[in-house]
Amino acid sequence: MKTKLVIFGITGDLSTRKLLPALAQIISTGDFDDLSVVGVSRQDINVNELLSAKLGDTSLESRITGFGMDTTNLEDYRRLKEFINLGDEEQLLLYLSVPPGASSGIVELLGQAGLNMPEAKLLLEKPFGIDVESAKQMINHVGTYYDETQVYRIDHYLAKEMTQNIIAFRGGNALFDHIWNSGAIEKIEVVAQEEIGIEGRTQFYEQTGALRDVLQGHLMQLLALVLMDVPRGMDWDDATKMRLEALNAVALADPSQAVRGQYAGYRDEVGNTSSQTETFAAVHLTSNASQWQGVPILLATGKAMDKKTTEVRVHFRKSHESQTNCLIFNIQPHEGIEIELHTKRPGYDHELESQTLSFMYPAEKKLPDAYEQVIVDAIRSRKSLFASSEEVLRAWEILTPVQESWSSRTDDLKLYEKGSSLDAIIA
Ligand code: BG6
């Protein structure tokens with residue numbers, strides 16, 4: 001089927017850093033000859049100039065047409081509809097790569113202009129609200145114009161190669177499948193640390209903070225993949241339902257167990273000397289599912305930390321202190337899976353030494369970027385790597401007690417030096 005992909009915000013940061021390179025890669029496979037792109041921006045753009053300036057590569061030129069419009073003007077959407085001129089046997093993907101405040105108005109006008117025909121799919125970027133109430137409103141608003149089956153909510157962490165490997169690894173290997181429960185597992189940690197700060201995104205970050213930016217979506221989704229039942233026969237179509245079941249069993253977060261921090265210098269960066277916005281957030285959770293009762297879970301994320309890693313660490317119960325017990329999914333930057341092992345040190349004495357049993361993709365193997373996967377799955381109507389409205393709402397619900405507590409107090413924000421470690425902040 002022919003696909004027409006319309007990107008709102010073609011000149012923006014996400015588009016030029018992620019979407020256009022992802023499209024170039026997808027098209028280079030030769031499997032998507034039926035894909036064409038319309039790049040929407042405020043002014044008519046010279047696509048060729050944009051591509052060579054931002055990508056240093058004009059190979060996409062023959063596939064992209066620029067379309068200048070005022071995204072607050074209904075007439076312009078009617079013009080867009082005519083310009084797209086969707087034919088029989090064609091589908092339309094509408095990708096909203098726009099600032100958070102802009103998407104709801106665009107959705108409304110798309111709907112009013114009739115760009116919500118059954119052949120249309122709407123791809124939305126986070127944030128999906130700022131709390132449970134605003135998320136509900138947003139979902140209802142989108143639901144006025146688009147059926148849930150047409151809505152693709154992007155959480156690019158779900159589409160990362162190693163994230164998908166959590167399901168593959170759990171379901172594909174009997175060894176782990178059988179012991180994936182509280183009988184064998186002692187605790188679970190899902191941690192995303194970044195060395196970078198907020199990189200000039202002052203306004204966005206000041207209104208968002210680490211809990212909303214990364215923990216509510218990206219880390220909750222990773223957790224769901226660890227806790228959920230693996231779909232029978234590894235049927236990925238069931239993954240969304242199973243992630244939701246896992247999240248439904250997670251108890252509401254206890255604010256007394258949550259930690260928030262802010263790196264030194266953040267307030268100067270955003271020009272707000274009394275900012276309470278957290279650049280570090282950690283919550284301790286538990287699940288009421290029978291197989292996970294009593295297993296502590298830590299979710300933590302922070303900017304300006306000592307290293308860049310995203311990991312899921314699964315700690316197994318030890319039967320004696322000198323055992324190793326940790327399985328690590330390295331989501332990034334060195335994608336792979338590691339198991340700490342004790343082995344006998346070669347020699348005449350009975351000594352142990354630590355080794356790592358590891359699976360890493362060879363350095364020369366370039367993994368598909370999450371945004372390639374997102375676009376391909378949307379083209380192919382595969383929804384398993386997108387967040388459903390119910391998942392989004394449940395993730396907010398779990399964090400509501402922490403949000404309420406943080407909005408009502410100011411005495412618990414820990415200031416930390418740039419380059420601090422996770423342990424130092426949560427100590
Ligand atoms: C985004 C957040 O969703 O994810 C950013 O808005 C964060 O603040 C980014 O830096 C991290 O994504 P990745 O893929 O680089 O880990």
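Modeller: In this predicted model, Asp, Glu, Lys and Arg count as charged, whereas Ala, Val, Leu, Ile, Met, Phe, Trp, Tyr, Cys and Pro count as nonpolar and the others, Gly among them, as polar.

Biologist: By class, how does the lining of the second largest pocket divide?

Modeller: This pocket holds about 250 Å³ of space, and 15 residues line it, with R212, R260, E278, W406 and S407 lying nearest its centre. Sorted by class, the lining of the second largest pocket has 2 nonpolar, 8 polar and 5 charged residues.

Biologist: Which element gives the most to the lining of the second largest pocket?

Modeller: The elements that contribute two or more residues to this lining are α8 (202-227) and α12 (389-408). The one that gives the most, with 6 residues, is α8.

Biologist: How do the residues of the shell around the ligand divide?

Modeller: Around the ligand stand K126, H156, Y157, K160, E194, R201, D213, H218, K303, K308 and Q332. Taken by class, the residues of this shell comprise 1 nonpolar, 3 polar and 7 charged.

Biologist: What percentage of the accessible area that the ligand has on its own does the protein cover?

Modeller: Polar side-chain atoms reach oxygen atoms of the ligand from several residues, including H156 at 2.8 Å, R201, also at 2.8 Å, and E194 at 2.6 Å. On its own the ligand has 400 Å² of accessible area, and the share of this area that the protein covers is 82%.

Conventions
Residues numbered from 1 in each chain as written. Predicted model: local features only at pLDDT ≥ 70, side-chain atom pairs only at ≥ 80, totals over all residues. Heavy atoms only, no water. Near = heavy atom within 4 Å. Polar contact = N/O pair within 3.5 Å; in protein donor to acceptor, adjacent residues only side chain to side chain. Areas by Shrake-Rupley, 256 points an atom, 1.4 Å probe, with all protein chains shown as cover. 1 Å grid on protein atoms, 1.4 Å probe; cavity = no way out; pocket = protein on both sides within 12 Å on 5 of 7 lines; lining within 4 Å. Points joined across faces, edges and corners; volume = space filled by probe spheres on them. Helix = DSSP H or I, 4+ residues; strand = E, 2+ residues; numbered from the N terminus.
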